[in-house]
Amino acid sequence: MRAFQVLPDAQPAAIRTVDTPEPKEGEVRLEIGACGLNFADLLMIKGEYQDTPEPPFTLGMEVAGTIEACGPGVDEALLGRRVAVFGGQGGLADYGCFPADRCVTLPDAMPFTDAAAFQVAYGTSHVALDHKARLQPGETLLVLGAAGGVGLTAVEIGKQMGATVIACARGADKLAVAEQAGADHLIDAKTEDIRERCKALGGLDVVYDPVGGDQFKSAFRACNPEARILAIGFASGEVPQIPANHLLVKNISVLGLYWGGYLKFRPQVISDSLATLFGWYADGKLKPHVSHTLPLEQTLDGLELLRTRKSTGKVVITP
């Protein structure tokens, strides 16, 4: 089968022909229908992600497909079932083996492209806003990077939870995407003063930040007392340094969120969240935005779209 692999000794990542894997105990093998790309894939290629395996390994954190083989100890009644799974790796291939207990059955009407764009982005935003920040109806939420893979889902979920949502992104085209997702107010990060706009809108109760850098600093200075700042990622390349004395004065909380980490120490948080999210999808309350769907041969092109921030929503690869 074909697999897009990260190779040892600083060799460029590339598609290789490898043996089709056999499922081990507790695993299923999927015929992969789609794989969502994530910013973490770029970090894995450079060996900078917190859960980077030893190379060689097949890239691709989240997949959707059809169960076509079961390992020992797995009920063969699952054969033929359409599922999504967060495997952490192994998704950019024709087939992949994943833990059966991580597989989530898809709603009948959900295509693989939506399913592969769903778990990490929506799961991150829902756990962040609901479980961590306890976002309340009527509060003001600022979403930085609001047209990106996770940012756009934070706009949707924030509106679903009853917040007033301020979307911050670079350029009119990206802001239009955020507005379609339900944003109440728009800030162009290229031309506007984030701090002043947010203060003019009454200040911030929750900040959702996958960007870091100067945008974090501006949002921090526009926070209301008892605001919660969610540190999701650092797409700007700059990890902000937080003045703890300012946290104290305004009673501000900064909350880190690594969605995949919950699978290791509190998986029920993930499963409960996904049950809510798939229910919202089935009810038509969530609409994944996939700006690019590419074949496996164009995986490098898809990763470049992420690196240069030329995509909106998700980029999905279809083997």
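## Basis of the model

The model is predicted: local features need pLDDT of at least 70, side-chain atom pairs count only at pLDDT 80 or more, and totals for chains, interfaces and linings use all residues. Residues are numbered from 1 along each chain as its sequence is written, and side-chain values use heavy atoms, leaving out hydrogens and water.

## Overall form

The protein contains 11 helices and 16 strands; these are DSSP runs numbered from the N terminus, helices being H or I with at least four residues and strands E with at least two. Its C-alpha trace spans about 60 × 40 × 35 Å along the principal axes.

Buried residues account for 53% of the 319 residues. Here buried means under 20% relative accessible area, with a 1.4 Å probe and protein chains only. Of the contacts (heavy atoms within 4.5 Å) between residues at least 6 apart in sequence, 66% join residues at least 24 apart.

Strand β3 covers residues 27–36; 8 of its 10 residues are buried, so the strand is largely enclosed by the rest of the structure.

Two strands count as paired if DSSP finds at least two bridges between them. β3 runs antiparallel to β5 (residues 62–70), joined by 8 bridges, and E31 stands opposite T66 of β5. With β7 (residues 95–99), the antiparallel pairing has 5 bridges; there R29 has C97 as its bridge partner. β16 (residues 314–318) pairs with β3 in the antiparallel sense over 2 bridges, and G36 stands opposite V316 in β16.

Key
Buried means under 20% relative accessible area, exposed over 50%, partly exposed in between (1.4 Å probe, protein chains only).
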